[in-house]
Amino acid sequence: MQADAGARLSQWMEGVLACPARVIAITPLKGGGIQENWSVEAEVSGAARAYVLRKDARATIDASHSRRNEFALVQAAFHAGVTVPEPIGFCEDASVVGGPFALLAKVDGIGLGPKVVKDLKDQEGPELTARLAGELARIHTIRPPVQSLAFLGKPPADFALAEVALMRDWLDRLKLSRPGLEWALRWSELHIPKPAETTLIHRDFRTGNYMVEEGRLTAILDWEFACWGDPLFDIGWFMAECWRFSRPDLEAGGVGERAAFYEAYEQASGRRIDDAAVRAYEVLAHCRWAVIALQQGERHSSGREPLLDHALTGKIAEELELMALRMTSPDHWRLHHDGGFRR
């Protein structure tokens with residue numbers, strides 16, 4: 001961030017907020033593997049206020065929305081009653097802070113997945129699980145068409161097949177041979193049924209992308225992958241073992257029981273959950289995270305954004321590929337289902 005960015009940001013904020021505003025400090029925030037996040041401390045109409053400024057990193061990945069589109073998604077979620085940081089404004093003018101950015105109200109709490117799981121008290125888990133299920137059900141009340149979300153395009157006729165095709169395209173662009181992922185993608189094609197309905201899906205709803213303060217949910221974060229799709233995808237992504245961290249026994253994001261999450265979601269949404277479809281989506285979740293990890297690794301190896309964190313993220317693809325292979329073995333699948341194809 002340039003030294004004089006504070007003065008330019010102050011001027012922009014005054015125009016958006018229609019009141020006196022003075023930026024006191026702009027400091028980088030940790031986390032955010034794909035975008036840059038900055039803490040903004042300001043004085044607005046004489047009162048202290050805290051914000052988060054979100055802008056593109058030097059290199060991003062194919063699936064990530066632009067900051068303008070991500071801001072529109074947060075606005076849509078906010079107006080639907082989803083617990084998100086209040087959207088303040090979006091700026092296209094790169095001269096203000098060096099690139100287009102979104103400004104959001106800062107939310108208290110912690111978001112680091114491993115710490116959320118580690119610090120959560122036993123009595124807090126059930127309440128948080130039910131709250132997360134309710135929030136996801138609220139996200140899934142947003143249905144196409146929505147004028148402000150026209151950039152999402154026409155919903156796919158078959159979301160699972162579209163996702164598999166997208167993963168294959170990403171692998172082709174990376175010019176990598178990953179037979180295990182190809183196997184799991186083909187398995188997903190055969191086992192995930194055609195969606196019964198289409199809604200807005202967060203597409204990265206997991207522990208690590210929401211904020212918690214003293215066991216209570218304070219915000220759903222990171223909307224950069226959202227799209228029109230199968231609501232069961234979000235549930236499968238949340239349940240995926242790779243997002244449970246130190247609590248693999250708690251299938252609902254490392255914070256709660258699968259059955260409790262299902263019950264709360266069904267009660268809040270009025271729809272029944274197809275458990276077999278959710279578990280099949282968990283396989284696809286491991287494939288998707290593996291491919292995104294490979295994309296992160298390529299950001300480092302290509303020299304576009306050489307960072308140790310990106311390089312290490314790329315290495316986890318092998319573990320995720322192995323998880324997907326284990327989950328698609330006939331013996332594993334028979335533990336829950338008859339092992340037959342669903343298409």
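The protein has 12 helices and nine strands, where helices (H or I, at least four residues) and strands (E, at least two) are DSSP runs numbered from the N terminus. Its radius of gyration is 20 Å, close to the 20 Å that the globule rule gives for 343 residues, so the protein is as compact as a globular protein of that length. The radius is taken over C-alpha atoms, and the globule rule is 2.2 Å times the number of residues to the power 0.38. This is a predicted model, in which local features need pLDDT of at least 70 and side-chain atom pairs count only at pLDDT 80 or more, while totals for chains, interfaces and linings use all residues. Residues are numbered from 1 along each chain as its sequence is written, and side-chain values use heavy atoms, with hydrogens and water left out.

**Overall fold**
- Along the principal axes, the C-alpha atoms fill a box of roughly 65 × 45 × 40 Å.
- Of the 343 residues, 54% are buried (under 20% relative accessible area, 1.4 Å probe, protein chains only).
- Among contacts (heavy atoms within 4.5 Å) between residues at least 6 apart in sequence, 68% join residues at least 24 apart.

**Helices α5 and α6**
- The axes of α5 (residues 159–174) and α6 (residues 179–191) come within 9 Å and cross at roughly 165°, the axes being lines fitted to C-alpha atoms over the stretch in contact, with angles from 0 to 180 degrees between N-to-C directions.
- That makes α5 roughly antiparallel to α6 (angles over 145 degrees).
- In the contact, Leu161, Val164, Met167, Arg168 and Leu171 of α5 meet Leu181, Glu182, Leu185, Arg186, Ser188 and Glu189 of α6.
- These residues divide into six nonpolar, one polar and four charged.

Technical notes:
Angles under 35 degrees count as roughly parallel, over 145 as roughly antiparallel, 65 to 115 as roughly perpendicular and the rest as oblique. Ala, Val, Leu, Ile, Met, Phe, Trp, Tyr, Cys and Pro count as nonpolar, Asp, Glu, Lys and Arg as charged, and the others, Gly among them, as polar. Buried means under 20% relative accessible area, exposed over 50%, partly exposed in between (1.4 Å probe, protein chains only).
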